[in-house]
2 protein chains.
Amino acid sequence: MSHRSRLTAVLVDVPASDHERAAAFWSGAFGQKGKTYEKFPEYVVFEEVTPGIEFMVQATGDATPRIHIDIETDDVEAEVARLTGLGAAELERHHSWVVARDPAGVVFCVVTVQNKEAFAQHATSWD
Amino acid sequence: MSHRSRLTAVLVDVPASDHERAAAFWSGAFGQKGKTYEKFPEYVVFEEVTPGIEFMVQATGDATPRIHIDIETDDVEAEVARLTGLGAAELERHHSWVVARDPAGVVFCVVTVQNKEAFAQHATSWD
């Protein structure tokens with residue numbers, strides 16, 4: 001069984017105390033009003049800042065801001081196995097996604113398909 | 001005069017000691033052989049990991065790995081002025097690009113147009 005994956009999102013992670021002003025800045029930077037969801041107040045979502053790429057500003061419990069990327073896939077387990085086989089390390093499991101780090105310590109997430117159209121068109125197949 | 005800008009690249013910045021294995025990992029992750037340039041050995045470049053977005057693994061002098069993004073524009077001065085007006089702070093100037101940080105401290109760069117086709121199609125105009 002082959003599965004597929006692609007880069008789907010860039011997330012700015014900031015301390016909760018900086019969330020509002022960071023979200024306001026990126027809203028202006030991309031010229032989009034961010035979407036918020038009552039159930040997930042920690043995210044401000046900018047859809048497709050360029051086609052196929054979502055941008056989010058996330059409030060975290062960490063004091064140090066950072067950027068991380070999300071890789072979307074139609075098989076999270078297979079994609080995590082592929083990437084750990086390439087040298088990534090799994091850090092945490094959440095509901096439907098896995099937090100991992102690359103060999104240098106850069107954090108990224110493996111998530112379920114977020115953008116069906118872009119995924120159908122542009123995901124890479126792995127055998 | 002209006003100018004334009006768009007998100008063009010995601011860069012993984014790692015210490016030089018981790019450059020080779022981080023580049024090898026992301027090469028496998030995206031299924032692309034990275035390009036290298038004799039004049040710029042600090043970059044391994046993966047072109048359009050998804051259409052319109054370039055991905056690079058850069059060796060830096062910093063011990064702490066991170067991800068930063070590049071915003072391409074047809075007027076670097078005007079774009080930096082726009083973004084600092086929104087709350088960014090300018091950090092450094094290089095040849096043709098400017099390093100800045102958002103209000104939470106997240107570093108990004110403002111660069112000249114890197115991807116003419118995607119820029120022509122997808123850049124946002126600012127008045």
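I began at the start of helix 2 of chain A, where a side-chain oxygen of A:D75 comes to within 3.3 Å of the backbone nitrogen of A:E77. Helices (H or I, at least four residues) and strands (E, at least two) are DSSP runs, numbered from the N terminus.

I noted that this is a predicted model, in which local features need pLDDT of at least 70, side-chain atom pairs count only at pLDDT 80 or more, and totals for chains, interfaces and linings use all residues. Residues are numbered from 1 along each chain as its sequence is written, chains are lettered from A and ligands numbered from 1 in the order in which they are written, and side-chain values use heavy atoms, with hydrogens and water left out.

After helix 2 of chain A comes A:G87, with a positive phi near 120°.

I turned next to the contact (heavy atoms within 4.5 Å) between the chains. Chain A and chain B each give 40 residues to the contact. I recorded a buried area (accessible area, 1.4 Å probe, lost on putting two parts together, summed over both) of about 3100 Å² between chain A and chain B, 76% of it from carbon and sulfur atoms. In chain A, A:F25, A:I67 and A:P103 lose the most area to chain B, together 19% of what that side buries.

How values were computed:
A polar contact is a pair of N or O atoms within 3.5 Å; within protein, one must be able to donate a hydrogen and the other to accept it, and residues adjacent in sequence count only if both atoms are side-chain atoms.
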